[in-house]
Amino acid sequence: MVHSLATVVELVNTSPSTGGDEGLAGLAELQAFVESRQISGVSRLTARDLGQVRMVREAFHRVFTATDQPTAVRTLNALLSETRITPRLTEHDGHPLHVHYFAADAALAEHVAADCGVALAHLLVEGEAERLRTCAAPDCDRVFVDESRNRSRVYCDSRTCGNRMHVAAYRARRRA
């Protein structure tokens, strides 16, 4: 589940909706994403895969930015209803036994929607919707899952956005 949550965060943050450039501009970027997230069972990628993954990505973005839990649930249910959820235990590529939720012949978009969607569903069921966050830095709209014990994380990355905001606050205090 942790891997799937990290995958969905990385996927959503490739979207121009999060304030950056298109991170999935072409098949090469999609292939790099598949490899970096170690998504198994993916054969040759096509332009159709790219388009479908972008649509799944935007649905996940709507889950992260939903104004309330019922909206997040409706959005996630709509996405999951388009998948053939087929749980099965598997071991592959040196990974320990784990559960895959996608059908064996699933296209990449369905694969990602099922695995990442189920991980998000577990988070919502556990009453942890507030862990789905958007960075608090004014010039950043990247998403993240707040895994801190006290749910206090506000920046997508403490080394970039967090550090930048803390330095700005320090400088503002020094000027005052």
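Reader: Which residues does UniProt give for the feature "domain: Zinc finger CGNR"?

Author: The UniProt record, an unreviewed entry, places that feature at residues 131–174. The model discussed here is predicted. Over residues 131–174 the chain is 39% helix and 14% strand, and the end C-alpha atoms are 33 Å apart.

Reader: What makes up the protein chain in terms of helices and strands?

Author: The protein chain has six helices and four strands. Along the sequence they come in the pattern α-α-α-α-β-β-α-β-β-α.

Reader: Why is the protein chain called as compact as a globular protein of that length?

Author: Its radius of gyration is 17 Å. The C-alpha trace spans about 60 × 35 × 30 Å along its principal axes.

Reader: What share of the residues is buried, and what share of the contacts joins residues at least 24 apart?

Author: Buried residues make up 41% of the 176 residues. Of the contacts between residues at least 6 apart in sequence, 49% join residues at least 24 apart. The protein chain exposes about 10000 Å², with carbon and sulfur atoms supplying 52% of that area.

Reader: How many positive and negative side chains are there?

Author: There are 21 positive and 22 negative side chains. The centres of the two sets lie 8 Å apart.

Reader: Why does Arg37 count as buried?

Author: Buried means under 20% relative accessible area. Arg37 has 13% relative accessibility, so Arg37 counts as buried. This arginine lies in the loop between helix H2 (27–36) and helix H3 (47–64). Leaving aside neighbours within four places in sequence, Arg37 is in contact with His3, Ala6, Thr7 and Glu10.

Reader: What is the phi of Gln38?

Author: Gln38 has a positive phi of about 55°, although it is not a glycine. Most residues other than glycine have a negative phi. Arg151, also a residue other than glycine, has a positive phi near 55°. Arg151 is found in the loop between strand E4 (143–145) and helix H6 (158–175). At 32% relative accessibility, Arg151 counts as partly exposed.

Reader: How do you know whether Ala109 is buried or exposed?

Author: The relative accessibility of Ala109 is 7%, and the limit for buried is under 20%, so Ala109 counts as buried. Ala109 is placed in helix H5 (residues 108–125). Beyond neighbours within four places in sequence, the contacts of Ala109 are Gln52, Val53 and Val56. The C-alpha atoms of Ala109 and Val143, 34 residues apart along the chain, are separated by 20 Å.

Reader: What makes Arg88 partly exposed?

Author: Its relative accessible area is 31%, which lies between 20% and 50%, so Arg88 is partly exposed. Arg88 is in strand E1 (residues 85–90).

Reader: Which residues does Arg88 touch?

Author: Not counting residues up to four places away in sequence, Arg88 touches His98, Val99, His100, Phe102, Ala103 and Ala104. The C-alpha atoms of Arg88 and Tyr101 are separated by 6.5 Å, and the two residues are 13 apart along the chain.

Technical notes:
Residues numbered from 1 in each chain as written. Predicted model: local features only at pLDDT ≥ 70, side-chain atom pairs only at ≥ 80, totals over all residues. Heavy atoms only, no water. Helix = DSSP H or I, 4+ residues; strand = E, 2+ residues; numbered from the N terminus. Rg over C-alpha atoms; globule rule 2.2 N^0.38 Å. Buried < 20%, exposed > 50% of the residue type's maximum accessible area, 1.4 Å probe, protein only. Contact = heavy atoms within 4.5 Å. Areas by Shrake-Rupley, 256 points an atom, 1.4 Å probe, with all protein chains shown as cover. Lys, Arg positive; Asp, Glu negative; His and termini not counted. Charge placed at Lys NZ, Arg CZ, Asp CG, Glu CD. UniProt positions renumbered as here; feature names shortened; annotations may be inferred.
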